[in-house]
Amino acid sequence: MLARKLELLHHSSLSQALTAFRSMSQLKQTHAHIIVSGLTQDFTITRLLISAAIPPSGDISYAKTLFQQIQKPSLFMYNTMIRAFSQCVKTPECISLYNCMLSSGILPDKFTFPFLVRSCCRSFSDLVLGQQLHAHIIQFGLGFDVFIVNNTIYMYTSCGKMNYARRLFEECSRLIDVVSWTSLISGYLNYGELDTASLLFDQMPCKNIVTWNAMISGYARFGRTSYAKELFDKMPERDVASWSTLISGYAKNGMCIEALRLFKEMIDAMVVPNESSLVSAVSACAQLQALEEGIWLHQYIKEIKFEINVTLGTALLDMYGKCGCIGKAVQVFNSMRISQKNILSWNSMISGLAFNGFGKQALLLFFKMQIGGPTPNETTFIAVLSACSHSGLIIEGGWIFKLMTEKYRIKPQVEHYGCVVDLLGRGGLIKEALEFIERMPVEPHLELWSALVGACRIHGDVGLGEEVGKCLIESEPHRSGRYALLCNIFAAAKRWDDVTMLRNLFKERKVLKAPGNSKV
């Protein structure tokens with residue numbers, strides 16, 4: 001077994017050599033044998049270094065240890081480590097290795113810079129490093145290598161320097177390829193310059209499917225879904241990403257019926273969906289509260305034996321919760337392994353229980369989360385406080401608010417304060433709710449006052465309800481809901497003259513009624 005691994009490791013083909021180890025433990029065992037046997041030749045160590053440095057099965061820390069044991073690393077070894085660090089988003093390590101390489105008298109080649117430059121794509125400080133590297137590229141006479149040019153264009157677009165990217169693109173017009181065009185177009189799309197991107201796209205001599213998908217994604221991201229669909233229809237060929245991009249664009253822009261229709265067209269076209277398209281379709285069902293379509297979609301996912309990971313599982317349980325089918329939401333949540341549940345999964349399940357009237361079960365799940373789940377965040381406490389409010393758990397809600405601020409040191413946001421006011425108001429503790437508002441360290445928002453007025457209507461506190469209700473009307477004189485709230489308070493108190501006065505005021509100010517909607 002060990003002899004076979006050593007034979008593979010020394011294979012003349014590098015791709016074959018990389019198949020020598022199925023895991024890092026096997027690589028480490030082989031490395032130990034090499035040290036004990038005294039077989040530590042440069043070629044052998046180089047092959048071990050490559051195997052350890054290549055993700056995802058590699059181990060960058062172990063690769064770094066191997067590299068540090070080499071007295072005179074070659075250019076190939078430096079390039080290997082720079083590539084490994086760049087793929088692990090470790091810009092300082094990349095630059096440090098590069099400086100060390102230069103200090104040792106080794107000059108970079110065309111394989112050094114693509115990964116170096118690509119590592120400088122995340123902040124303004126990275127941009128400064130990227131510009132310095134660009135200067136080195138020119139200094140070492142490598143400015144006309146297409147791979148280096150493409151990565152430099154990508155670096156400038158990622159850092160928001162579109163003018164630099166465009167200048168480099170035009171300076172290298174004789175050697176640019178489809179990747180160059182796509183990088184520049186994607187950069188303009190990312191910064192909302194859709195017309196410029198469209199102009200470049202039309203000028204592009206040879207388009208590939210990645211460029212088409214980038215254009216569709218850009219249009220959809222900025223709400224121009226009709227343009228996205230027009231491009232989609234014109235595509236000479238499509239892949240699953242093309243379908244997924246437009247489905248996702250529809251779902252994110254609230255065009256959920258179109259998203260589901262396109263998803264079914266994709267299935268009819270015998271295209272196997274990817275995770276993104278499935279999550280977007282499930283999200284569309286959740287927004288529409290379309291339980292029947294959601295159940296069909298879940299069954300389809302099972303039929304094609306698609307792995308339900310944390311993202312898809314969370315989308316499914318969120319969909320069931322919003323559709324009021326809390327039993328199926330619980331089933332999905334319970335079927336997910338602990339490793340498959342993240343903070344979004346727990347928050348979605350707690351929210352689903354809360355808004356379907358299962359406040360005590362939401363609290364129980366929150367306690368389980370504290371024991372064996374991720375640390376609760378701001379969203380978790382909004383969900384738990386809402387659960388207490390909807391179920392009348394006043395004492396428990398007060399304890400949760402205290403737990404949030406004292407144990408978890410989470411600074412309450414307006415939403416948290418609103419939940420507490422709603423909790424107290426629903427429980428008839430109007431005076432306590434008002435005192436709580438007055439003690440708040442942040443300015444109360446209008447929806448919070450609206451919740452208090454609603455509580456006054458329920459519990460018959462006409463005086464306070466009238467006072468706050470009038471303030472709300474004057475704050476938002478063209479919002480119809482403010483008038484309706486106060487009108488209901490007057491009607492409940494049989495103050496018909498005030499009801500008439502308020503309706504006349506409503507008409508005088510020409511307030512538009514908010515359109516109703518219904519889901520049957």
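Throughout, buried means under 20% relative accessible area, exposed means over 50%, and partly exposed falls in between (1.4 Å probe, protein chains only). The model is predicted, so local features need pLDDT of at least 70 and side-chain atom pairs count only at pLDDT 80 or more, while totals for chains, interfaces and linings use all residues. Residues are numbered from 1 along each chain as its sequence is written, and side-chain values use heavy atoms, with hydrogens and water left out.

Cysteines come first. With a disulfide taken as a pair of cysteine sulfur atoms within 2.5 Å, the count comes to zero. C94 is in no disulfide, its nearest cysteine sulfur being that of C120, 7.7 Å away. C94 counts as buried because its relative accessibility is 0%. C159 is likewise in no disulfide; here the nearest cysteine sulfur belongs to C121, at 5.7 Å.

Next, the helices, which are DSSP runs (H or I, at least four residues) numbered from the N terminus. Helix α10 (residues 146-158) packs with helix α12 (residues 178-190) at an angle of about 0°, and their axes are 9 Å apart. Those axes are lines fitted to C-alpha atoms over the stretch in contact, with angles running from 0 to 180 degrees between N-to-C directions. The pair is therefore roughly parallel, a label for angles under 35 degrees. On the α10 side the contact (heavy atoms within 4.5 Å) is made by N150, I153, Y154 and T157, and on the α12 side by V179, S180, S183, L184 and G187. These contact residues split into four nonpolar, five polar and no charged. In that tally Ala, Val, Leu, Ile, Met, Phe, Trp, Tyr, Cys and Pro are nonpolar, Asp, Glu, Lys and Arg are charged, and the others, Gly among them, are polar.

Helix α13 (residues 194-203) has L194, A197, S198, L200 and F201 as its buried residues. They sit on the same side of α13 because they cover an arc of only 165° around the axis, taken from the directions from the helix axis to the C-beta atoms. Cover for the buried residues of α13 includes α11 (162-171), α12, α14 (209-221) and α15 (225-234). Turned away from that buried side is the face with the exposed residues D195, L199 and D202.

Finally, two lysines in loops. K305, between α19 (291-303) and α20 (310-322), has a positive phi near 60° in a residue other than glycine, and counts as exposed at 76% relative accessibility. K494, in the loop between α30 (480-492) and α31 (496-508), also has a positive phi near 60° and is exposed, with a relative accessible area of 62%.

Notes:
Parallel < 35°, antiparallel > 145°, perpendicular 65-115°, else oblique.
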